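Here is a short briefing for a first look at this structure. Please keep the sequence and the model in view while reading.

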Amino acid sequence: MSETSPQLIRLADYRPPEFLIDAVELCFELDPEHTEVSARLSIRRNPAVGQANGSLRLAGEGLELLALALDGQPLPPDAYRLDEQGLTLWQVPERFRLDSRVAIHPARNTALEGLYQSKDILCTQCEAEGFRRISFFLDRPDVLARYRTTLIADRKRFPVLLANGNPIERAELPDGRHRVTWEDPFPKPCYLFALVAGDLECVEDRFVTASEREVRLQIYVEPQKGERCAHAMQSLKQAMRWDEVRFGREYDLDVFMIVAVSHFNMGAMENKGLNLFNDRYVLASPQTATDEDFAHIAAIVAHEYFHNWTGNRITCRDWFQLSLKEGLTVYREQEFAAGLFSPSVQRIRDVRFLRAQQFPEDAGPLAHPVRPDSYLEINNFYTATVYEKGAELIRMQATLLGPESFRRGMDLYFARHDGQAVTIEDFVRCMEEASGRDLGQFRRWYEQAGTPELSIWGGYDPTAQTYTLHVRQFIPPTPGQLVKHPLHLPLAIGLLGEDGRELPVWLAGEPEPPAAGTRVLEVTESEQHFVFVGLDARPVPSLLRGFSAPVKLKDDLTESDRLFLLAHDPDGFGRWEAGQGLMQDLLLRLVADPKASLPAEFIEAFRHALRAKADPALIAEVLTPPSEEELGEQMAVIDVEGIHRAHRLFGTELGRHLREDWIAVYRDNAEADPSVLTPEAVGRRALNNLALAYLMRAGNPEGLELCRMQFGKGRNLTDVLAALRLLVERGGDDAEAALAEFYRRWSHEPLVIDKWFAVQATAPHRETLVRVVTLLHHPAYDPGNPNRVRSLIGAFAAHNPICFHAADGAGYCLLADQVLQLEPLNPQLAARLLKPLIRWRRFDPQRQALMRAELVRISKQGARSPDVFELVSKACS
Ligand code: 0A1
Ligand code: ZN
């Protein structure tokens with residue numbers, strides 16, 4: 001482990017900055033090998049903070065200091081101290097100008113933080129603490145300054161020079177270089193700073209805001225890729241309009257730019273007026289992107305755009321408040337996406353993601369509250385808890401307050417805090433003030449880690465004609481938080497009569513029944529009950545509608561209740577959830593007893609669901625079982641082989657029993673136009689490919705023929721990839737031929753080749769591990785490109801449970817080797833990849849020992865970065 005352990009940062013230690021920076025003038029002389037950055041900072045003491053010792057500490061990492069002057073006077077060496085992490089000026093006046101000049105080396109920056117090179121493009125990533133790798137600065141989000149940025153670079157190599165705000169001056173220089181100056185009128189924290197230099201194609205459009213201002217929209221991509229920006233551009237315009245209509249938010253600069261780069265640690269970044277994107281979330285055509293990719297692009301373009309208000313205009317006081325911007329922006333993104341396709345399908349996908357990513361995190365050694373109270377490395381806190389659970393907390397507040405009060409709360413938040421760096425507490429207070437509600441107990445959601453378990457059981461009293469729901473909540477202990485307190489949560493329910501009709505949810509004591517339909521109950525106690533009256537027969541309850549709170553629900557519904565809900569719940573999400581419950585119970589039975597069979601009622605219920613006249617995308621979701629990972633979460637000790645076998649058996653059986661229906665579905669939907677992206681066409685492809693998967697699992701010869709044909713048509717990547725995946729899963733000559741053909745056809749398209757790697761890495765075969773090792777030496781493999789690393793190593797470790805958890809530990813060893821190799825290059829990426837090893841306690845003793853041994857090996861041979869060190873030490877403690 002590292003010689004000096006990194007320092008623990010605590011929320012409780014937060015102090016406002018002693019100094020403020022009002023204005024920043026930056027000048028970059030750009031060159032991949034050697035860039036010089038001059039910074040002129042207008043600094044003054046923060047009047048809100050009492051006098052300290054008079055010294056000023058600026059963050060700075062990997063900077064070669066060339067010059068330093070205060071109010072124009074060069075500083076003598078004894079006026080400051082330079083160390084690994086920054087610069088201390090011993091004595092500074094109340095108000096002064098600091099000029100610094102440093103050299104940095106973008107081409108050598110493999111961590112992709114600060115200024116780095118992606119192919120021939122120079123670009124920046126400053127969130128969370130990357131600006132300190134560009135210039136000495138108060139690198140904290142509560143220091144907001146106005147920026148003027150001048151970029152100077154060779155005109156041929158870097159014809160496009162971009163920074164935040166509006167361009168105000170351009171000049172050609174006599175030495176073949178050119179210069180562009182940008183000014184951003186809005187004060188911002190340095191994590192929102194960005195620049196881009198390169199030879200880029202620009203796709204341009206325009207948007208007229210609600211108050212009739214014209215905004216230029218520009219998407220910059222590598223030359224010849226402009227054609228593939230149409231979907232991103234359309235999504236951007238939809239997002240801009242949506243934010244006006246739904247939240248009254250308009251865009252505020254004259255130009256909005258998106259730049260796509262191929263080397264990026266995350267999905268995208270919301271730099272003011274200049275969003276930077278991982279190119280996989282910009283570029284798309286039906287031949288090179290799947291329907292899922294198209295949906296991700298729309299969501300991420302919208303997410304980054306929405307940050308302009310929730311993140312940029314109102315930013316975070318400190319990094320503990322990360323969910324203030326991320327949870328809120330994910331919520332906004334989810335709401336936007338729900339309007340693009342079907343709200344039920346969107347909610348199903350969001351809940352699947354939460355269960356697959358956030359629930360395990362909340363149940364393991366990395367569990368942390370949505371507002372964490374300490375960290376070693378902030379980059380480790382861009383988690384499903386901060387993002388997706390954070391979004392659920394916003395959603396619960398919207399549900400508790402109702403749409404009008406929630407909107408008033410948002411309006412108040414924007415009006416009161418525009419231009420400020422604030423806290424989650426400030427947000428919740430706006431919700432309280434706008435609604436008159438007390439969210440005192442609700443605040444615990446932000447402080448307590450762990451997924452609450454909600455047990456609900458019902459009792460019908462035929463004499464009194466009442467139905468009583470008993471509710472109990474339990475929040476499991478998490479690391480460092482052994483005692484938990486009851487939470488305040490919205491429990492949306494419906495009651496259904498025998499014929500499937502919605503009944504009024506009429507609480508005892510109320511004079512009159514409400515209208516039939518969903519009602520939100522409020523749970524606040526550890527144990528509580530609700531009595532419903534006016535029921536002449538036992539109703540079937542539809543519980544936690546729309547997943548109204550992020551909990552693990554344990555109910556006492558019988559199999560026939562669930563079959564009933566699967567057929568009758570008017571809520572699409574509720575039908576899906578009932579089907580998931582049925583499939584989960586059955587799969588767990590199959591794990592325990594491989595001879596268990598699929599009950600006839602079950603098969604008939606799914607046949608009925610398949611034949612229903614409903615949205616094909618929803619039908620496809622209903623007939624997709626919980627993943628192997630999700631099933632594992634339900635077991636005390638994850639039975640890797642048992643789950644895999646049960647999952648396969650389930651697929652084979654449902655494929656066999658519903659064979660005629662699957663073939664009919666496939667034939668009915670086969671004519672969908674491959675280039676059409678309407679919700680209808682996308683839903684049909686999803687259902688079709690599900691049918692194909694079941695037919696293939698059942699070993700159906702007609703299925704194989706259809707699969708070969710579908711692969712051969714090759715007109716739509718969703719279809720081609722689905723067929724390729726199924727052929728590869730089946731193995732043999734067809735698989736090899738298809739892989740070779742796919743590579744030949746797409747070798748020039750990195751984003752498509754990423755999928756070629758991932759299909760092989762996720763194939764559930766004995767030989768997969770050897771294949772992954774071989775692919776590490778493939779000419780197209782590049783450890784410097786995070787997308788490529790994720791498509792091979794990430795896909796193998798996170799999405800191939802049967803191979804990654806091979807009983808001999810070879811999968812663990814492979815992952816640890818890769819983490820150790822990557823850590824010195826890109827610690828952020830290495831830390832993310834390592835996560836599947838962290839759940840070692842969930843497995844059998846042999847696997848536990850093997851996984852732990854690899855973690856120990858990483859901690860001995862690596863863990864020099866705070867990123868990897870923090871995760872490994874938490875996993876082993
Ligand atoms: N704020 C971005 C996510 C992001 C975070 C860190 C990054 O680099 C270390 C990059 C992007 C978002 O939520 O989209
Ligand atoms: Zn975000």
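Which residues are the closest to ligand 1? They are Gln125, Glu127, Asn265, Met266 and Met269, from a shell of 13 residues that surround ligand 1. The model is predicted: local features need pLDDT of at least 70, side-chain atom pairs count only at pLDDT 80 or more, and totals for chains, interfaces and linings use all residues. Residues are numbered from 1 along each chain as its sequence is written, while chains are lettered from A and ligands numbered from 1 in the order in which they are written.

**The shell around ligand 1**

- A residue is near a molecule if its C-beta atom, placed from the backbone, lies within 6 Å of it.
- Strand E20 (268-269) and helix H2 (291-306) are the elements that give two or more residues to this shell.
- The shell holds four nonpolar, five polar and four charged residues. Nonpolar here means Ala, Val, Leu, Ile, Met, Phe, Trp, Tyr, Cys and Pro; charged means Asp, Glu, Lys and Arg; the others, Gly among them, are polar.
- The peptide bond from glutamate 127 to alanine 128 is cis, with omega near -5°. Alanine 128 sits in the loop between strand E11 (121-125) and strand E12 (145-154).

**Overall build**

- The protein has 28 helices and 32 strands. These are DSSP runs numbered from the N terminus: helices are H or I with at least four residues, strands are E with at least two.
- Along the principal axes, the C-alpha atoms fill a box of roughly 90 × 70 × 60 Å.
- Of the 877 residues, 50% count as buried. Buried means 20 or more other C-beta atoms within 10 Å of a residue's own, exposed means 12 or fewer, and partly exposed is in between; C-beta atoms are placed from the backbone.
- Among contacts with a separation of 6 or more, 70% come from residues 24 or more positions apart. A contact means that two C-beta atoms, placed from the backbone, lie within 7 Å.

**Domains**

- The domain assignment gives domain 1 (19-199), domain 2 (315-447), domain 3 (455-542) and domain 4 (747-877). Such bounds come from an automatic or database domain assignment.
- The C-alpha centres of domain 3 and domain 4 lie 44 Å apart.
- An unreviewed UniProt entry places the feature "domain: Peptidase M1 alanyl aminopeptidase Ig-like fold" at residues 450-555. UniProt positions follow the numbering used here, feature names are shortened, and annotations may be inferred rather than shown by experiment.
- Over residues 450-555, the chain is 0% helix and 43% strand. The end C-alpha atoms of that stretch are 19 Å apart.

**Residues to look up**

- Proline 185 is in strand E15 (residues 177-188). With 13 C-beta neighbours inside 10 Å, proline 185 counts as partly exposed.
- Not counting residues up to four places away in sequence, proline 185 touches Arg146 and Gly165. Tyrosine 147 is 38 residues from proline 185 in sequence, yet their C-alpha atoms are 7.5 Å apart.
- Glutamine 224 has phi near 75°, a positive value in a residue other than glycine. Its loop runs between strand E18 (214-221) and helix H1 (230-247). Glutamine 224 counts as exposed, with 8 C-beta neighbours inside 10 Å.
- Phenylalanine 547 also has a positive phi, near 55°. Phenylalanine 547 lies in the loop between strand E31 (540-542) and strand E32 (552-555). Phenylalanine 547 is buried, with 20 other C-beta atoms within 10 Å.
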